[in-house]
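Keep the viewer open as you read.

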Amino acid sequence: MIKVFKIAQGLWAGVPKVVLSGILVLTGAVALSAVTPCEVARASDDAAAQSTTMAKIKAISSTADHSKFEELKGPFATGPDVTKACLKCHTEAAKQVHKTKHWNWDVVNERSGQRLGKKNIINNFCGSVVSNEPRCTSCHIGYGWKDGKFDFAKQENVDCLVCHDGTSKYRKFPAGAGHPAYTPSEWPAKSGRFIQPLNLADIAQHVGPTSRRSCGMCHFLGGGGNAVKHGDLDVSLINPGRYLDVHMSPQKLNFTCSKCHGGEKHLVQGSRYTANAKDMSGIDVPGRTDGSRATCESCHGARPHPATANPKLNDHTDRVACQTCHIPEFARGGYPTKMWWDWSTAGKLTPDGKPLVIKNAKGEVIYNGMKGDFAWGANVVPEYRWFDGNVKFTLFGDKVTGDEVVPINKYGGSANDPNSRIWPFKVMRGKQAYDKGLQTLAVVHTFGADDSAYWTNFNWDKALTAGMEAVGATYSGKMGFVRTEMSWPITHMVAPKEDALACESCHSLNSRLKDVPGLYIPGRDRFGLLDTIAWTIAGLTLLGVLGHGALRYWMHRKEG
C-alpha cells in the first residue's frame, strides 16, 4: 500500500506546477484553500458561546439534589471532612480512585517497560515532583501529599471536590499540598495578597459531573501557569469559540473533556505515555473496543471526509494524522505558551534581594530570577514528526554527557512503519541542571522554606544536594546545564474544516513538512525525469497549438 502510495505521488509530482494548477482549478480542489480568518469570527463567537453555555448549564438536570443531603450541610473544617461525607453514599469511589494514574502519578508503560508518571519523570519545565511535593501536588487529586510519607491508601485523602465542583469556586492553595486555604493565606508569600477560605459546605452541596473547567484547572495550568506547558490546552477552552475547537465549542458539539477521556470506575482514559497514533478500529465506542480513549476515528472512521469533498483527502489518512491538518496552529486562544526555559540564567536579584523580573512589551515575563529566561509563542506552527504511539523517556540515572541535546522524551515512528503517521508536536526547549560527576539529569530541590530550597537561598549546590538525596543519590558536587527538548503531541484546539490546512501548506517548497523524512511529497520534492517528461509534453502541446494556429492563418491568407 505504501509503495503504491509513493509511486502515485511520484507520478503526480512529475506533472509541472502549471499543469497541476490547471487541473486543480478544473476539479474544484482549490476550494479547500478558502479560509475564513479566525480573527474575524472570534468576537462574535465568544459572545454567542457564553450565551449558549449558560443556557445549557441551566438545562442540566440530575437525579439527585445534593443540597438536600444532611451529610453535606456541614460545616466542614477541611477537605478530607467533605470526602468523609461523600463516601457515606459513594462507598466505592475512593477505592476506585486509588487505582488510577490521577491518584498514583506512577505508571509502568507496558510498551517500553519504563516506570513513568509525574512522580517518576523529570521534565524541562519545573523539573521534578520529588522533594517539591507541597507545591507540585497542588494539582494532585488528593489532600496532604507534602513528602514521601503520603498515605496513598487513606480514603479521606481523596479530593472529590476538585473534579466535581459545580460552583466554579473551588481552589486549591498553590503551596498547600493539595489542600484549599482554610484560613486567610498570603500568596505569593510577602505579596500582601490573601486567598480567602472557601465555603466547603456550599461547594459540597453543588457537586456534579466533571466539566471543561474542573478538568482544566489542573491541565490548563500545568507547568506553573495558564498555557505554560501544553500549547493546545489553556483556559480559553473553558468556553471556546467554534474557530478554536469545533468539538468543545458550545456553539457546536459542546464536548466536555470526559466525552473523549471517558472511563468507568474513575479510570479516566488518556495519557501521552501510551498514545494511539493510528486507530485501525474505526468507528467504535471509546474505551470499550480497545480500552483506549476516543480517537478521531472513533467518531469519524478511517475515511472521514464526505463524498462531496476532494477524494484526495481520504487518501491521506493512512499516513497523516487528522490533527496535522485540523490543528494548523496551537496557543491560538489568546494565551501564549512557553517555548523556551533556560534555568542556567536564574539567580539574578534586585538590590533589595528579591528575584529580578523582566517583562516584554506584551507584558510576558521573559526573565524571572527564580527560574531564568523564558520565550513565549502564540499561534505557533507545530513541528511535524512520524509517530507510532511509542515514547521513551530520559529518566533519572540515564547517562547525560552534557554535550548533546537531551530528549526528555522521544517518540517512535518512521516512514517505513505502516503504523506511523505524521503528527504535529509542540517542542519545548531549554537548559536544565545536570550532575556532571554522575552524568545524569539532576533532581533539584526548588520549593520550600528550608535553607536548601533554591527559591529560598539561590544556591544550586545546596538545592542539588537535597534534591538528589530525595531520590537516593549523592550529588557529586559538580553541576552544569544541558540543553533539553520535550515534545507534546498536539490533539486539542481542533479547527473546523474552513480553517484546516490547505493543500499548498504541505505541497510546496519549504512547506510545513519540509523536515519530515522518508516520504515523497508532490510539490515539496522533485523527481527530475518526470519533471522533464511533463515539461516536454507541455512544450510540445504549446508548439502544436501555435503550429495549428499558424497553419490556419496561412490557409486563410492563401484563400484570400
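This is a predicted model: local features need pLDDT of at least 70, side-chain atom pairs count only at pLDDT 80 or more; totals for chains, interfaces and linings use all residues.

## Charges over rings

The charged end of Lys 348 sits over the ring of Tyr 367, 5.1 Å from the ring centre. For a charge to count as over a ring, NZ of Lys or CZ of Arg has to be within 6 Å of the ring centre and within 35 degrees of the ring normal.

Residues are numbered from 1 along each chain as its sequence is written, and side-chain values use heavy atoms, with hydrogens and water left out.

## Aromatic pairs

Searching the whole structure turns up 21 aromatic pairs. Rings of Phe, Tyr and Trp (its six-membered ring) pair if their centres lie within 6.5 Å; planes under 30 degrees apart are stacked, over 60 edge-to-face, and the rest tilted. Trp 105 and Trp 145 make a tilted pair, because their centres are 5.1 Å apart and their planes meet at 50°. They are 40 residues apart, with Trp 105 in the loop between α6 (101-104) and β1 (107-108) and Trp 145 in the loop between α7 (133-136) and α8 (161-164). Helices here are DSSP runs (H or I, at least four residues), as are strands (E, at least two), numbered from the N terminus. Trp 105 is buried at 6% relative accessible area, and Trp 145 is buried at 3%. Buried means under 20%, exposed over 50%, and partly exposed in between (1.4 Å probe, protein chains only).

Tyr 273 and Phe 393 pair edge-to-face, 5.6 Å centre to centre with 70° between the planes. This pair spans 120 residues, from the loop between α11 (257-260) and α12 (296-300) to strand β10 (residues 391-393). Tyr 273 is buried at 7%, as is Phe 393 at 3%.

Phe 125 turns up again in a cluster linked by ring pairs, whose members include Trp 341, Phe 374, Tyr 454 and Trp 488.

## A buried arginine

Arg 212 belongs to helix α10 (residues 212-219). Arg 212 is buried but has no salt bridge, and the nearest side chain of opposite charge, Asp 245, is 8.2 Å away. A salt bridge would take a side-chain nitrogen of Lys or Arg within 4 Å of a carboxyl oxygen of Asp or Glu. What does lie 3.1 Å from a polar atom of the Arg 212 side chain? The backbone oxygen of Ile 238.

How values were computed:
Lys and Arg count as positive and Asp and Glu as negative; His and the chain ends are not counted. A polar contact is a pair of N or O atoms within 3.5 Å; within protein, one must be able to donate a hydrogen and the other to accept it, and residues adjacent in sequence count only if both atoms are side-chain atoms.
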